Structure formats: C-alpha cells, structure tokens
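Open the model in your viewer and keep the sequence beside it. We will go stop by stop, selecting as we go.

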Amino acid sequence: MSHRKQLATVDRSLLDGLKDLSKRLADGLSKLDPKGSEGGAGDVKPPVGVERKVSEGPSKVSPEDVKKASELMPPQWAAKLKTILFTQEKIELRLREMARKISHDYSGKEIVAVGLLTGCVMFQMNLLKYLTVPYTLDFIEVSSYGKGTTSSGNVKMKKDLSRDPAGKHILITEDLIDTGRTLKFISKYFADKKCASVKLACLLSKSARRINDLPVDYIGFDCPDEFVIGYGMDFAGHYRALPFVGVLKEEAFAHILKK
C-alpha cells in the first residue's frame, strides 16, 4: 500500500473516531442538561426526596425584558413597573422542584391543599398541577393589608374552611410571607383542629421582615424587601394575574407612604 493510501486510511479512521467521541460527549451533555431535549425543566429528575438547588436570588433581566413584559399588560400598569424579580420561567422551574419534594414527603397520603385567598390562587394552582399524590382543595380568607403596602398586623378571618380538617394532612399555600403575623394567626387557627399534620408552602418569603419565628416547610424564593406584585400578588386589587413577580416604582404608592 502506498504512503498516500495509508495516510488516507488513517485520516478516515481518525475522523470516524472523532465523530464517535463527539456523539458520546453530546449524549452525555444532554443528560446533564436540566431542561432536557424537549420536555422542559422537569424532565431530568434528581434522586427521590432530594430537591435540585436553584438560585434563590432574583432573575437577571434586562431593560429590554422589562419592556417586552410591559407590552403585554395594561399601559397604566406598565408605566408603574420598576423591574421584574422572578420571571415566569424561573417560577415554573421552582414549582416543579417544590412539587417533587412535597410529593415525596406525602407519599401514601392525601393532602388537603388550603389556599389563603386571594393571592394564593396562581401559586396554588400551578404548584398542585405538578403533584403526584392525591389532593383536595379548600380555601380560607384573612385580611391584613387593605390598600397599603405593608401588613397592618390586624388579622381577621373573612372566610372559614368548607369542611372539617380533623384527621387530614393540611398543606397551606400562601403567595408571600412577610412579617409572619398572618401565619401566626393561621397556626393558632389550626392548632385546635386536630389535623393529622399541618405544613406550609409559600412562593416568596421576606425573611428580612419576619417578626415571628414560625417554620415554613416549602419556600420558593427568598424575596428582597420590596413591594412585589404579580403571580397572585396585588396592589389595591391590580396586577394580580401578571405571569411574573415584579416591583412597582415608588411613585405608584407614594401617596400611601405620605399618609
């Protein structure tokens, strides 16, 4: 065989080997990719009972991202939006992780998911759709904010449960835990109900403002001390159904602060 033919044979063998190596690397990387090839963030699962760690900090958004989001809401609201803290994509990823952990913890049991109206609705529905254990729904309503930007501390029950929770495994779903006053009130409420268990899941926790040292079993994100809106949270009834968590410009509630 001539030297030229030998080199050609070697070159083909080398190329075939490199192609095989490239394919193996691609396959390995696809298995490490938390988004998977097609099905989204939840396709690659960690070991049962182990939560995949995610950044608890705000999403990295550009002014262009805020501008695009503003185009999808009423212009009166868009003019008052300061920034986006947690994008819809980041929230959905975290909800999948929380649901996986909750499903593991309640394996073999049925949950009564008790939502705190009205802010809980988006968080509760989008969390529960990922659960793999049976559940029923119920709601209670308390009031502590009114039209202000901080909790008044005066918590009142406005709507009670529709069924007796005795002997049931209760999972309270709350959009935001601020000072913890509402949670203290709810904890006292359930203390005499003879429930099999009571746990709490929240989307956002403002740990910097906490005044009551109450345990929170499942937390989505630690939230900066800002007045947040969207994903169930409102200001005077507005912004509640936005698909992300954002922050208002101070001018939007400056008249409240002056009072």
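Contact here means heavy atoms within 4.5 Å. Keep that in mind, and remember that this is a predicted model.

Select helix α5, residues 121-128. Colour F123, Q124, N126, L127 and L128: these residues are buried. What do the buried residues of α5 pack against? Show α4 (88-105), β2 (111-117), β3 (135-143), β5 (169-177) and β6 (197-205), and you have their partners.

D105 is partly exposed, at 23% relative accessible area. A search of the whole structure finds eight salt bridges.

**Stop three: a network.** Now select D178, R209 and D225, which salt bridges link in a network. Begin with R209 and D178, at 2.6 Å from N to O. R209 is in the loop between β6 and β7, and D178 is in the loop between β5 and α6, so the pair ties together parts 31 residues apart in sequence. Buried or partly exposed: which is D178? It is buried, at 6%. R209 is partly exposed, at 25%. R209 also meets D225, at 4.0 Å from N to O. D225 lies in the loop between β7 and β8, 16 residues from R209.

**Last stop: a sheet.** Select β1, β9 and β8, in that order: they form an open, antiparallel sheet. The edge strands are β1 (81-86) and β8 (228-229). Two bridges join β8 to β9 (245-248). Finish on I229, which stands opposite G246 in β9.

Definitions and conventions:
Residues are numbered from 1 along each chain as its sequence is written. This is a predicted model: local features need pLDDT of at least 70, side-chain atom pairs count only at pLDDT 80 or more; totals for chains, interfaces and linings use all residues. Side-chain values use heavy atoms; hydrogens and water are left out. Two strands pair if DSSP finds at least two bridges between them. Helices (H or I, at least four residues) and strands (E, at least two) are DSSP runs, numbered from the N terminus. Buried means under 20% relative accessible area, exposed over 50%, partly exposed in between (1.4 Å probe, protein chains only). A salt bridge is a side-chain nitrogen of Lys or Arg within 4 Å of a carboxyl oxygen of Asp or Glu.
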